[in-house]
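Welcome! Here is a short tour of one protein model, taken a piece at a time. Have a look at the structure, and then read on.

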Amino acid sequence: MTQRPAIIVAATPTSNGDLHLGHMAGPYLSGDVYARYLAATGRDVVYTTITDDSQTYVSTTAQRQGLSPEALRATSTDAIAASLRALGIGIDGMPPIGASYRETVRTFVERLHRNGRLRLRKVRMPVARATGQVLFDGFLGGTCPACLAGSSGGVCEGCGHPNHFDQLLDAAPALDPGAEFEYREYEVLVLPLEEYRERLRAYYDERRDLWRPHARQLIQELLAGPLPDVPVTVPGDWGLPAPFAETPGQRIYPWIEAMPAVMYASAWVAAQRGPAPAGTDDLWRRERDPEIVYFHGYDNVYYWGVVDLALLMAHDDRYALPATNVCNEFYELDGQKFSTSRNHLVWTRDLLEGVPRDVARFYLALTAPEFQRSTFTRPALRTTTGARLVRPWNELAAQLALLTGKVVDTELPTTENGRLRAKVLTKRFAGCYELATFSMGRAAAMVADQLDRLRAASGDLKDDPAALGDLLLEVRALLAGAAPLLVDVAARAAGQGVDLRLDDSEPPDSITAFTLPALAGDHDGTGRS
Ligand SMILES: [Zn+2]
């Protein structure tokens with residue numbers, strides 16, 4: 001039976017800076033772990049993302065840093081790609097934002113327009129008096145009308161609720177809060193989410209068990225009130241030109257662009273590997289039946305979980321709908337939110353200068369903010385990974401090297417009991433990686449727990465080829481289960497011919513003796529390897 005192809009999309013990074021550990025422990029590592037798991041079960045997987053170049057935050061950061069948006073985008077895109085590569089995130093490069101990209105976006109919004117899905121609405125938007133700049137998203141700051149926390153325009157980072165047009169309380173221009181502004185009326189095109197209420201509700205009901213509780217709460221809160229009109233065009237000079245006669249001179253709202261952007265990105269990834277799909281949205285077509293999964297932070301649930309979903313629905317039956325959105329909470333550093341402006345952060349590549357990436361991936365997975373905020377500290381990384389991963393791993397590796405010394409590369413028998421245990425292990429790992437119960441934190445904890453058990457078992461092994469065969473079968477299952485997290489040690493094992501598939505095939509009657517590659521890293525939390 002042919003298995004469903006999968007498209008995994010990690011949050012589209014804004015090209016206004018590099019990715020820090022807070023970003024990595026959220027969408028990028030979890031998406032990577034899930035993509036690697038699916039590939040290990042034999043699935044065809046496209047894992048992608050693309051820089052969100054039209055976000056207002058590119059403009060505001062460029063102005064703060066005295067750079068041109070183009071220069072900021074270029075350096076940020078390179079930095080993002082380098083950081084993803086450094087951590088072993090299997091996103092191969094950043095798709096270029098060029099003519100084909102813009103064509104994909106234009107075709108997507110023109111089809112919505114042609115099919116009568118967009119409505120012209122009169123709205124009030126704040127405008128800076130001195131510059132005439134229309135203020136939305138990152139151009140605007142104020143108070144969230146849903147939770148009363150400080151918020152930008154567009155969506156509140158704290159509660160996840162949207163605010164469009166003139167809804168932000170205590171609004172002020174973000175770059176210059178003292179600057180005078182006024183509200184002006186504009187006619188813009190919108191996507192009226194209310195028209196999708198029944199389809200949205202049916203969609204969420206059907207996939208209820210696949211959503212994390214906090215995202216489910218936000219969806220319920222949104223459905224409890226009138227659903228907003230989402231801007232499709234905005235006045236001003238920021239963003240791609242909107243190709244509609246009713247809104248001359250307006251731009252496409254950046255969050256609308258993100259949906260066709262990831263379709264383009266999927267096609268670009270596929271074209272790196274083989275023949276390019278004929279159309280840039282072909283991989284997303286309903287008849288192909290892809291499993292689509294988004295990984296992003298909680299503050300993106302409104303856009304990726306509601307707006308972009310309605311955008312797909314608005315194309316009738318043209319596109320497959322995502323299976324779900326796996327969203328994370330905030331990762332903190334020493335108990336406080338990561339903050340670029342306060343320089344309270346750890347850059348990914350800085351951490352990797354002193355920590356092997358398998359060790360970094362393990363710790364980020366173990367402590368990832370999957371269901372609630374969690375915190376990163378360097379001392380905890382050292383002591384935890386030394387005690388729970390590196391030392392036991394290398395002790396098991398050393399013990400196996402002794403045991404297999406004389407028999408390496410020979411075929412050892414396995415017993416029914418050993419095969420049963422290996423199957424149990426694989427099944428438990430699958431429970432950590434399958435979508436409905438996905439948790440890389442539990443997978444990392446399970447690696448540590450099973451490692452401890454197998455290290456103890458290796459110490460009092462009977463002198464019997466079948467006992468060693470059974471142990472190796474379990475070590476192989478552990479390696480396969482750890483492989484989505486520990487990519488370098490897994491690649492070395494695979495290079496030695498160790499089978500790291502995670503499918504439900506029966507464990508073999510015999511196994512070729514192998515050694516466990518050692519794990520680089522700090523054994524005892526002192527900084528020594
Ligand atoms: Zn809020």
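## An open sheet

Four strands form an open sheet in the order β2-β1-β13-β14, with parallel pairing. At its edges stand β2 (45-48) and β14, each with a single partner strand, so one side of each has no neighbour in the sheet. From one strand to the next, the twist averages 15°. Helices (H or I, at least four residues) and strands (E, at least two) are DSSP runs, numbered from the N terminus, and two strands pair if DSSP finds at least two bridges between them.

This is a predicted model, in which local features need pLDDT of at least 70, side-chain atom pairs count only at pLDDT 80 or more, and totals for chains, interfaces and linings use all residues. Residues are numbered from 1 along each chain as its sequence is written.

## Strand β1 and a helix across it

Strand β1 (residues 6-10) pairs with β2 in the parallel sense over four bridges. Here V9 stands opposite T48 in β2. Helix α7 (residues 254-273) lies across β1 and β2, and runs at about 125° to β2. Such angles run from 0 to 180 degrees between N-to-C directions, with axes fitted as lines to C-alpha atoms, for helices over the stretch in contact.

## Two domains

The domain assignment, which is automatic or from a database, gives domain 1 (6-351) and domain 2 (378-512). Their C-alpha centres lie 39 Å apart. In domain 1, 16 residues are in contact with 14 residues of domain 2; contact means that C-beta atoms, placed from the backbone, lie within 7 Å.

On the side of domain 1 that touches domain 2, the elements giving two or more residues are α1 (21-40) and β14 (324-328). Helix α1 gives the most, with seven residues.

Are they buried or exposed? T131 is partly exposed, with 13 other C-beta atoms within 10 Å, whereas D137 counts as buried, with 24 C-beta neighbours inside 10 Å. The cut-offs are 20 or more for buried, 12 or fewer for exposed, and in between for partly exposed, counting other C-beta atoms, placed from the backbone, within 10 Å of the residue's own.

D137 has a positive phi of about 45° although it is not a glycine. N343, in the loop between β16 (336-337) and α9 (348-352), is also a residue other than glycine with a positive phi, near 55°. With 6 other C-beta atoms within 10 Å, N343 is exposed.

Definitions and conventions. Contact = placed C-beta atoms within 7 Å.
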